[in-house]
Amino acid sequence: MGGAVVDEGPTGIKAVSVFFKELMREFGIGYSDTAWISSILLAMLYGTGPLCSVCVNRFGCRPVMLAGGLLASLGMVAASFCGSIIQLYLTTGVITGLGLALNFQPSLIMLNRYFNKRRPMANGLAAAGSPVFLCALSPLGQLLQDHYGWRGGFLILGGLLLNCCVCAALMRPLEASRPGSGPGPQRPARRLLDLSVFRDRGFVIYAAAASIMVLGLFVPPVFVVSYAKDLGVPDTQAAFLLTVLGFIDIFARPAAGFITGLKKVRPYSVYLFSFSMFFNGFTDLTGSTASDYGGLVVFCIFFGISYGMVGALQFEVLMAIVGTQKFSSAIGLVLLLEAIAVLIGPPSGGKLLDATHVYQYVFLLAGAEVVASSLVLVLGNFFCIKKRPEAAVEEGERHKPPADVRVDSREVEHFLKAEPEKNGEVVHTPETSV
């Protein structure tokens with residue numbers, strides 16, 4: 001359920017990049033102008049984070065996702081009738097971007113509410129929905145472009161996005177308490193946007209590192225298809241590169257979630273996330289040396305592994321930092337901080353490409369940005385967060401319930417919602433604070 005919508009925005013962006021060459025010919029524009037479509041879509045996906053948080057806290061996940069599915073579809077359908085690149089910015093970028101944002105964030109919040117002990121694995125499996133659809137959407141986009149043009153392709157993709165409404169309908173809210181259990185403690189009023197997360201040093205370090213990371217994270221997938229086409233690779237084979245990337249990503253995300261969920265690994269999840277960022281940036285740096293189709297295939301394989309690790313861990317680590325009660329606000333604020341970076345990333349790569357006509361420089365720039373983000377995260381965690389993982393494990397053991405006590409999941413949910421001040425989230429450990 002979550003896998004169908006989680007990370008839907010980045011997947012849609014990579015799929016739309018298949019149409020970039022056709023859009024450049026249609027409107028007589030350059031790489032940087034075309035990259036603004038992806039950038040605006042990403043900026044809406046990230047920049048409307050606080051708005052999505054407020055909507056989820058006010059109305060719940062299901063109605064917000066239903067509205068998002070309708071908006072995402074409407075934007076793509078309207079884009080098929082556009083007569084200028086500015087109109088595409090408004091429809092594909094703003095309207096579809098807002099719709100995907102209203103799907104993206106609630107799907108992550110629902111995961112956090114459904115799972116605790118096995119949450120890393122749940123995140124990895126749900127995030128695998130993105131590369132599954134990428135494998136299908138990339139060649140499908142090329143096929144639609146060949147048979148119906150970019151306008152027909154956008155129209156059909158708009159229809160497919162209506163399936164987000166089906167996923168939203170399956171988001172079953174959890175019961176607050178068992179029937180007949182009587183009234184519980186008075187639930188404190190929930191803030192529509194909790195700014196107290198900025199007092200957590202771990203959250204601040206995470207937000208800074210993530211903002212730097214997204215400057216370069218989405219740049220290579222946006223340009224790799226055009227890179228292959230410029231090398232003389234046929235369009236169908238060029239689009240297949242995203243299928244390779246997505247296929248590897250399918251297995252990388254659950255594997256990363258499984259490894260992170262191991263008892264001895266989970267306290268060090270922030271370091272594993274930092275390694276995945278470094279691996280991704282290093283892949284970009286080495287991928288800049290690719291000069292033929294085979295080299296780009298190898299690049300996509302390793303990029304798929306590293307990107308899958310990042311996709312599986314980025315929100316799992318944030319969940320661990322801020323806890324259940326503050327996650328819906330925290331993710332909105334993080335996405336807002338990242339919005340400026342994603343608005344700069346792809347267009348800056350396009351400007352560099354327009355000026356130099358050398359794809360290697362674009363990959364080098366993206367790799368340097370992602371590597372820098374990994375250093376910010378690991379060094380910030382090492383020097384600013386003092387508590388040792390061993391102490392965290394001991395503290396967790398003291399609060400661990402007896403092994404012979406069976407706890408009803410609905411009671412746990414009621415407990416977390418009704419008494420947040422007693423549920424252990426105020427205790428900061430390397431698992432709950434970067």
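Before anything else, one term: when I say polar contact, I mean a pair of N or O atoms within 3.5 Å, and within protein one of them has to be able to donate a hydrogen and the other to accept it. Also, please keep in mind that this is a predicted model.

So, here's where I use that term. The backbone nitrogen of Met 76 lies 3.2 Å from a polar atom in the side chain of Thr 96. Thr 96 sits in helix α6, residues 85–114. Is Thr 96 buried or exposed? It's buried, with a relative accessible area of 2%. If you skip the neighbours within four places in sequence, Thr 96 is in contact with Leu 71, Ala 72, Gly 75, Met 76, Thr 91 and Leu 161.

Next, how far can we trust this thing? The chain averages a pLDDT of 77, and 78% of the residues score at least 70. Confidence is highest in helix α13, residues 269–287, with a mean of 93, and lowest in helix α17, residues 389–398, with a mean of 42. Then there's the stretch 387–434, where the pLDDT is below 50, although the model gives that stretch 78 contacts beyond near neighbours in sequence. Residues 176–186 also stay under 50, with twelve contacts beyond four places in sequence. Where pLDDT is low, the predicted coordinates should not be read in detail.

OK, on to the helices. Let's take α14, residues 293–322. That's 30 residues, and from first C-alpha to last α14 reaches 43 Å, close to the 44 Å expected at 1.5 Å a residue. Where is the kink in α14 centred? On Leu 313, and the angle there is about 30°. Of the 30 residues in α14, 23 are buried, so this helix is largely enclosed by the rest of the structure.

Ser 53 is in helix α4, residues 49–59. Its relative accessible area is 0%, so Ser 53 is buried. Leaving out residues up to four places away in sequence, Ser 53 touches Gln 105, Leu 192, Leu 193, Ser 328, Ser 329 and Gly 332.

Ser 329 comes up again with Asp 194: not counting residues up to four places away, Asp 194 touches Lys 326, Ser 329 and Leu 333. Asp 194 is in the loop between α9 and α10, and it's buried at 11% relative accessible area. Asp 194 and Phe 327 are 133 residues apart in sequence, but C-alpha to C-alpha they're 9.3 Å apart in space.

Aromatics next. How many aromatic pairs does a search of the whole structure find? It finds 17. Take Phe 247 and Phe 251: their ring centres are 5.2 Å apart and their planes are at 75°, so that pair is edge-to-face. Both are in helix α12, four residues apart, about one turn of the helix. Phe 247 is partly exposed at 47% relative accessibility, while Phe 251 counts as exposed at 52%. Phe 382 and Phe 383 make another edge-to-face pair, 5.1 Å centre to centre with 90° between the planes. Phe 382 is exposed at 54%, and Phe 383 is exposed at 52%. There's also a cluster linked by ring pairs: Phe 218, Tyr 227, Phe 299, Phe 303, Tyr 307, Tyr 359 and Phe 363.

Most residues other than glycine have a negative phi. His 357 isn't a glycine, yet its phi is positive, about 60°. You'll find His 357 in the loop between α15 and α16, and it's exposed, with a relative accessible area of 62%.

That's my tour, so over to you.

Conventions
Residues are numbered from 1 along each chain as its sequence is written. This is a predicted model: local features need pLDDT of at least 70, side-chain atom pairs count only at pLDDT 80 or more; totals for chains, interfaces and linings use all residues. Side-chain values use heavy atoms; hydrogens and water are left out. Helices (H or I, at least four residues) and strands (E, at least two) are DSSP runs, numbered from the N terminus. The expected span of a helix is 1.5 Å times one less than its number of residues. The bend at a residue is the angle between axes fitted to the seven residues ending there and the seven starting there. Buried means under 20% relative accessible area, exposed over 50%, partly exposed in between (1.4 Å probe, protein chains only). Rings of Phe, Tyr and Trp (its six-membered ring) pair if their centres lie within 6.5 Å; planes under 30 degrees apart count as stacked, over 60 as edge-to-face and the rest as tilted. pLDDT is the predictor's confidence in each residue, from 0 to 100. Contact means heavy atoms within 4.5 Å.
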